[in-house]
Amino acid sequence: MTIHLALFDEQDYSLFAQVLKNPQVMKNITGHAIDDDSVQKAWENRLMPTNAKNEVAGYYKLLLDGNYIGYGKLSFDDVVFDKPCIEIGYFLLPEFWGRGIGYQVGLRLISLAHQYGYPIIATVSQENGVSKKLLGKLNFCFDKMIELDGKMGEVWVLKD
């Protein structure tokens, strides 16, 4: 199993939208699929400007043996702890759940995030037991509750 991470570029909008519009993927994140206008705004206002900086931090399309399986992200965050942190995140299409792929993606994102030397965090909705179990397996520990997209969420921190 070979997982490749590549930053999204201008022609990848439909891949990004495929994940955010999927109700199964978004059920434990926002509670519902994202509408077209919100996906477009996220693409134009967040993803493309971040990826244009050509840094390690950014939004990555995830490819398994050349096939698109979802996306991962590394983003800077100084709100959660009032100091710089780097947040990892991952979103897999349902047909790739339960195969150990999330764990492999998490390891790859953590490896990239270590380049910055900041604490590494992940946020997860309170109801997303599968992702919380995966974060524990990746050596993250629960730190605190926060509000995420109008719902209660959790911040997990990678142990040193």
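A crossing of two helices is called left-handed if the near helix is turned anticlockwise from the far one by less than a right angle, and right-handed if clockwise. With that in hand, here are some close-up views. The model is predicted, so local features need pLDDT of at least 70 and side-chain atom pairs count only at pLDDT 80 or more, while totals for chains, interfaces and linings use all residues. Residues are numbered from 1 along each chain as its sequence is written, and side-chain values use heavy atoms, with hydrogens and water left out.

**View 1. Helices α1 and α3 make a right-handed crossing.** Helices (H or I, at least four residues) and strands (E, at least two) are DSSP runs, numbered from the N terminus. Helix α1 covers residues 13-20 and helix α3 residues 36-52; they pack at an angle of about 125°, with their axes 10 Å apart. Here axes are lines fitted to C-alpha atoms, for helices over the stretch in contact, and angles run from 0 to 180 degrees between N-to-C directions. The two helices are therefore oblique to each other; angles under 35 degrees count as roughly parallel, over 145 as roughly antiparallel, 65 to 115 as roughly perpendicular and the rest as oblique. On the α1 side, look for Tyr13, Phe16, Ala17 and Leu20; α3 brings Asp36, Val39, Gln40, Ala42, Trp43 and Leu47 to the contact. Contact means heavy atoms within 4.5 Å. These residues divide into eight nonpolar, one polar and one charged, where Ala, Val, Leu, Ile, Met, Phe, Trp, Tyr, Cys and Pro count as nonpolar, Asp, Glu, Lys and Arg as charged, and the others, Gly among them, as polar.

**View 2. Phe16, Ala17, Val19 and Leu20 are the buried residues of α1.** They cover an arc of only 160° around the axis, which puts them on the same side of α1. The arc is that of the directions from the helix axis to the C-beta atoms, and buried means under 20% relative accessible area, exposed over 50%, partly exposed in between (1.4 Å probe, protein chains only). Packed against these buried residues are α2 (23-26), α3, β3 and β4.

**View 3. Helix α5 (residues 129-137) has Ser131, Lys132, Leu134 and Leu135 buried.** Their arc around the axis is only 160°, so they sit on the same side of α5.

**View 4. Asn139 and Asp65 are loop residues with positive phi.** Most residues other than glycine have a negative phi. Asn139 follows α5 and lies in the loop between α5 and β6, with phi near 80°. Asn139 is partly exposed, with a relative accessible area of 33%. Asp65, in the loop between β2 (58-64) and β3, has phi near 50°. Asp65 is exposed, at a relative accessible area of 53%.

**View 5. Lys73 of strand β3 (residues 67-77) is buried.** Its relative accessible area is 16%. Not counting residues up to four places away in sequence, Lys73 touches Gly58, Tyr59, Glu87, Ile88, Gly89 and Leu109.

**View 6. Gly100 is found in the loop between β4 and α4.** At 40% relative accessibility, Gly100 counts as partly exposed. The C-alpha atoms of Gly100 and Lys21 are separated by 23 Å, and the two residues are 79 residues apart along the chain.
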